[in-house]
Amino acid sequence: MKKVFNILLVLIASAVFDSASAQIKLPSLVRDSMVLQRDMNINIWGWASKGEKVTVRFNNKTFKTKAGDDQKWLIQLPAMKAGGPYTMEISGKNRITLHDILIGDVWFCSGQSNMVHQMRLHSVRYAKEVASANYPEIRQFWIPTLTNLENPLDTMPISYWKSANPTDVLDFSAIAYFFAKDLYQKYHVPIGIINASVGGTPIEAWMSEEGFKNFPSILKTLDKNKDTAYINSFSRRHSHNFSNMPKPVDKGLTGAEPWYSTAYVPTEWRQIGIPGYWEDQGLRNLDGVVWYRKEIDVPASMTRKEAKVFLGRIIDADALYINGKEVGHTTYQYPQRRYTVPGNILKPGKNLFVIRVTNNFGKGGFVSDKPYCLFAGNDTVDLKGYWQYKVGEVFIPHRGFGGGFGFSAQNSPTALYNAMVAPVINYTIKGIVWYQGESNAGNPKDYEQLQESLIANWRDKWKEGNIPFLYVQLPGYGDFNYLPSESGWAELRNAQLHCLSEPNTGMAVAIDKGEWNDIHPDRKKPVGDRLALAAQKIAYGENLIYSGPIYQSSTTQGNKIIVSFTHIGSGLIFKDSSYVSPNAEEVEGEFAIAGADKKFVWAKAKIEGNKLVVWSDEIKDPKYVRYAWADNPVNPNLYNKQGLPASPFETGE
């Protein structure tokens, strides 16, 4: 019995495989403008009628095979040097011609939202990079989001290879683009990016069933998830819970005049500050819709031209109205709010700004420490300060709501592997780039084993040996904590650190590139640059320093712990420290030390040669040292002289 949400795929597969007179068909990746992997055997594959003869003509050579009983065929082209553009002709009962094919290096990029985040979401910081993107030999293939709980798929929805130009680069993953650009400028060969990433997803969703052989509880979950009746029960429960809830009514949209209208006369509005959450300003535990309004004075010099409004980040959804006209909206909390105002909207003098904010749970409102302004040309108007607010709707908690959010296929083990990775496995690649972990930070204890299993699982599937596997260690995120404390994010970073024991792996440390109030930090280029450095060492064999200091070992001498590192480069340094003690060689801040009881206190540290000495007068018999051990360390300041940050670590494990 097939799952309802797989019916479309079944129909597609039937069209490909079941017709006895089927013509040659190709996977979505094998198409015009593709980038093929240099210096390695290249797989070209597809489907045809049982026993149908298939011919591939490429680069002045001809290759032949025939479709098997399962109607599948595969031809392996010999290794070729970088070059192109080439044309490929594939023929059987029909003929397909593919144009503009390049041969270079292909990287499979995957993970969650920080690998998804496109250049368009960071186009203000990287406006020059977008405008100057003229790299027809850097190309990205974006895999649409799709799930399957039953088995690995051969097919996926149609998508396209796009090259890096000022228009199409906006759809490139920012991390992947800067990574690819660095490699292209270094080696001058075409670079292909295959991006399979989905926001908010755990690592378990990206592994195949074989990857869970050491996780019996997950294997049991997989068996349950293959039961259609079990999965459908979530949908029925979800539908039942919501059918009993009262239909929402937003007073701001249902009165004689909507509250964003210039004809509306406001009554009983109260004062509130932007930025800030409304729960911190007198509205207790309110989930619902809150309207904000303010008359903004706009000089004549800013009118009759296109303007921009920056509204930082808003939790969760919003719509902006100016003088009664909607100028932009966003449906979820993570994107930066950057709205374009047409030239006919603003007028000299007072302009009515109204913002409708919807919050579903937790604190709602405007995230602090973000830009809130209106600007046009060289003029800027600050939008921070006091506004007026009124509640349009209150979401009533529903009793017996347990399980009401239903079943999330994309968060389920194997679901994304089956639909977004498995169809790509035949495609020859140079290596893998991975940026994930945020969704596992709440339960980090198994992450080391999970990521090691993912690495082994994907290498086994691609059958290219110990293919380079590069990944990003999570940056800082969340409130600053000025006391030593436990941290799920720190534990997950430590698990990522330990995965460097796997051969042919490289880690880009990003602890210094986070933002306390944004899980999607804006500074993507330095992370892409560090991944490219790792690639130059791991994948291309360059002799260079690609990483900051990595914890190696420690010894105890009296009340001090001596820490040794790899990747020290030209030497260890403390960078931009504001925690220098009266002894200029000693630094305080992100180092903590503990005895056998693991009750950590802040410590002092100094560099002696290529080692770090850590101590505290409070701890006479130290056993453990931690560095930058927090969700968001205040001042991670240990680097090598090449300017690369040290990974957070814990000794004595």
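Tutor: Helices (H or I, at least four residues) and strands (E, at least two) are DSSP runs, numbered from the N terminus. The model is predicted, so local features need pLDDT of at least 70, side-chain atom pairs count only at pLDDT 80 or more, and totals for chains, interfaces and linings use all residues. Residues are numbered from 1 along each chain as its sequence is written, and side-chain values use heavy atoms, with hydrogens and water left out.

Student: How do you know that the span of α9 is close to the expected one?

Tutor: The expected span of a helix is 1.5 Å times one less than its number of residues. Helix α9, residues 447–462, has 16 residues and reaches 22 Å from its first C-alpha to its last, close to the expected 22 Å. Just after α9, K463 takes a positive phi of about 55 degrees.

Student: Why is S33 called buried?

Tutor: Buried means under 20% relative accessible area, exposed over 50%, and partly exposed in between (1.4 Å probe, protein chains only). S33 has a relative accessible area of 17%, and is therefore buried. Although not a glycine, S33 has a positive phi of about 70 degrees.

Student: What makes H567 partly exposed?

Tutor: The relative accessibility of H567 is 26%, so H567 counts as partly exposed. H567 lies in the loop between β28 (560–566) and β29 (572–574).

Student: Why are β2 and β5 said to pair?

Tutor: Two strands pair if DSSP finds at least two bridges between them. Strands β2 (residues 42–47) and β5 pair in the antiparallel sense over six bridges, and I42 stands opposite L77 in β5.
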